[in-house]
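Welcome, and thank you for opening your viewer. Let us walk through this structure together, one selection at a time.

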Amino acid sequence: MRFLDEEGFGRLMALLAARGYVVIGPTVRDGAIVLDRIDGAKDLPRGIREAQGPGAYRLEATGDHQLFAWSHGPDSAKRFLFPPREVLSTATRLEGELRVDPAPLPEVRYAFVGLRSCDLHAIEVQDRVFAIADPAYRKRREESFYVGVNCGHPGGTCFCDSMGTGPRCAAGFDLALTELGGGFTVEPGTARGEELLSELGSREATGAEAAAAAAVTDGARERMGRRLETDDLPGLLYRNREHPRWDQVASRCLTCTNCTMVCPTCFCNDVVDGISLDGTEATRTREWASCFSEEFSHMAPGDVRKSARSRYRQWLTHKFASWIDQFGTSGCVGCGRCITWCPVGIDVTEEIAAIRVTDGEVAVAEEVVA
Amino acid sequence: MSLDVSASAVSEAEILAGVAPRVATVRRVVQEAYETYTYWLTLDDPVVRRAYRFEPGQINMFGVVGVGEIPISVSSDPARPMRLAHTIRATGRVTNVIKGLRPGDRVTLRGPFGRPWPVSAARGGNLLVVAGGLGLAPARPAIYRAIRDRGAFRRVIVLVGARGPEHMLFRHELDAWAQWLRFRGIETHLTVDIADDTWPYGEGVVTTLFPRASIDPRVTTVFTCGPEIMMRFAVRDLLGLGVPARRIWLSIERNMHCGVKLCGHCQLGPYFVCADGPIFRYDEIGELMGVAEL
Ligand SMILES: Cc1cc2nc3c(=O)[nH]c(=O)nc-3n(C[C@H](O)[C@H](O)[C@H](O)COP(=O)(O)OP(=O)(O)OC[C@H]3O[C@@H](n4cnc5c(N)ncnc54)[C@H](O)[C@@H]3O)c2cc1C
Ligand code: SF4
Ligand code: SF4
Ligand code: FES
């Protein structure tokens, strides 16, 4: 384990930029910590932390000098690796001849700075969806650089400890940092990370520094905002498809799609064709979509999921059960974003717990009283 | 970061075939039934055309540039993959534009995708095809294969139902099968819900043909395709006759945007209909079919 002081951290940011990476990191915009292009440590949210709860998010000044003393905002790496809108192919029609060209592969290389363990896991979850069939995703993903930050400040809606995805970075990073007063302990996760680290002028961390770094994530584990009992979630959700709780949650859910947009693993998308005004050029674009919209399941004979109940059930069951059948991993990394950014504060951990305590209950059709 | 992609069920070759849309030219358009036409296509690139193969029951993503892409089963003979037929009913935004296609027009195809009808699973026994309405289009390639390989089966039985005579697909071909192919051991029985004076076959829903087909449940493999409600009744009666659930196969429809497990639209419980289906065995999905709005 190495130790990097604040200046060394500044050199890390500069070196990433010098090597041609577009550096993406946390920064404050519109009252939230978002991920965006940053030009150095000066753009990071220094001395800021946030308070999160169901349907609630607020920034506060702490007065200290910490750069990473907060928990993630609405953005994750998904917005960059799987962009909300992406051209897949263009077609041109000239003198009756039709030509279809796949979009050129992206040239951009990102360096992500400050991703939490949950978000590094989320990238690996999306890999299983996109890595084979989407060459553009694969190129962006393989060519990017990942600097993780071990989490000392879980949010009020976080439950990565229950999902086994945090708070300590376990995989998926080139470098992992732990912020201590006056600097960072650093661990390389790849040869590429090790090579970069060797250029930064770090020193061996002392035993006290290593112990302090371990204490950061141990403390985070204890302050986790939420917990979820994960024992046999697929079985629980599959046998409770007609549980009355689905009606109860549907009466609150606005089917606004917020939860799916902020979720770092949700991958559903629409493929949409557009055409230029003179009709000679057409583009096929992929856009984020959500299983909370009715059109999502449209078929000419009728939409499959007409009710909010069926759409909430689809989403939750996919995240915690069918995802495992499909991809061999849970679709939830416990980041809590869907809880924080739900306008009515619906909480997945609470919904699942409610089904668990009344496992097997079945909604009874209401009697029609004459 | 280099990625281990071996965990996926979709092979690299399938993906390469599926990601890039290929241009195809409409050669011939034939009206089959009310608002339903068969489009005969050839892929423009001769290398792609010669390499293209499909299995009965597989789909292509059929694209009209600037309008959209929809899943459509290949309805022609898998032994002749250089000329591809898609039989399409005009029901909405994309299919109504398709209805305006004429010979010489260009479209795009991606595919083929999906799990096919397991024609060889019926070898040595009886193959029973139960099709309703447009459901005959995805079933026809399986019937062609069975006709070509007739000696491999004890009996080949084709039961087709439609709402009325004007909704019966491939009418001339069905007449020919019913009249002539029975001499080659293909038993074809047709029925419509409401007949008119010109209709020479049965009247009633497709399941009313079951007694006439004298199904032997011990050796019969069933392929059924049509509106979900029709398949439900067919399966109920077949199970009642003693056909085991694991020898009943059906074709399921869901909204599809990609065909390669990327878009999420086609999910049915744990399955992606585009890759795990569209053909399923009844014991795999019977329970899921019983859940409303899944
Ligand atoms: C496995 C499979 C095989 C099919 N085979 C055939 C076939 O051989 N012949 C045929 O005529 N039709 C077939 N269909 C149905 C065909 O895909 C729809 O009729 C078509 O998508 C309707 O598109 P639209 O834009 O005209 O309709 P709209 O009602 O305007 O639909 C808008 C969009 O919703 C989606 N959609 C609507 N209906 C369906 C549907 N039934 N299935 C899937 N997506 C739908 C499409 O993305 C469509 O563009 C098949 C569907 C599936 C899933
Ligand atoms: S389901 Fe909610 S808690 Fe789980 S990964 Fe998605 S946004 Fe985070
Ligand atoms: S659960 Fe909340 S965020 Fe998700 S669709 Fe419903 S109201 Fe919107
Ligand atoms: S059609 Fe996109 S996942 Fe199946």
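How do the residues of the shell around ligand 2 divide into nonpolar, polar and charged? They divide into 8 nonpolar, 2 polar and 2 charged. Here Ala, Val, Leu, Ile, Met, Phe, Trp, Tyr, Cys and Pro count as nonpolar, Asp, Glu, Lys and Arg as charged, and the others, Gly among them, as polar.

Before you click further, some ground rules. This is a predicted model, where local features need pLDDT of at least 70 and side-chain atom pairs count only at pLDDT 80 or more, while totals for chains, interfaces and linings use all residues. Residues are numbered from 1 along each chain as its sequence is written, chains are lettered from A and ligands numbered from 1 in the order in which they are written, and side-chain values use heavy atoms, with hydrogens and water left out.

**Stop 1: ligand 2**

Select ligand 2 and show the residues near it (a heavy atom within 4 Å). Among them you will find Phe159(A), Trp315(A), Lys319(A), Arg337(A) and the cysteines Cys263(A), Cys332(A), Cys335(A) and Cys338(A). Two elements of chain A, α11 and α12 (337–340), each give two or more residues to this shell. Helices (H or I, at least four residues) and strands (E, at least two) are DSSP runs, numbered from the N terminus.

**Stop 2: along α11 of chain A**

Now pick Arg309(A), which lies in helix α11. Is Arg309(A) buried or exposed? Arg309(A) counts as buried because its relative accessibility is 14%; buried means under 20% relative accessible area, exposed over 50% and partly exposed in between (1.4 Å probe, protein chains only). The side chain of Arg309(A) makes a polar contact with the side chain of Asp247(A) at 3.2 Å. A polar contact is a pair of N or O atoms within 3.5 Å; within protein, one must be able to donate a hydrogen and the other to accept it, and residues adjacent in sequence count only if both atoms are side-chain atoms. Leaving aside neighbours within four places in sequence, Arg309(A) is in contact (heavy atoms within 4.5 Å) with residues including Arg241(A) and Trp246(A).

**Stop 3: where the chains meet**

Colour the two chains differently. On the chain A side, 56 residues are in contact with 43 residues of chain B. The area buried between the chains is about 4100 Å², with carbon and sulfur atoms giving 57%. Buried area is the accessible area (1.4 Å probe) that two parts lose on being put together, summed over both. Ile132(A), Arg241(A) and Arg284(A) supply 16% of the area that chain A buries against chain B, more than any other three residues.

Next, select Arg106(B) and Glu97(A), whose side chains meet in a salt bridge (3.5 Å, N to O). A salt bridge is a side-chain nitrogen of Lys or Arg within 4 Å of a carboxyl oxygen of Asp or Glu, and the rule finds 3 across this interface. There are also 18 residue pairs in polar contact across the interface, both at pLDDT 80 or more. The largest share of the side of chain A that touches chain B, 8 residues, comes from α11(A).

**Stop 4: ligand 1**

Where does ligand 1 lie? Ligand 1 lies between chains A and B. Of the 23 residues that surround ligand 1, the closest include His298(A) and Thr87(B). Look for Glu253(B), where a side-chain N or O atom is 2.8 Å from a nitrogen atom of ligand 1. An oxygen atom of ligand 1 is 2.7 Å from a polar backbone atom of Pro71(B).
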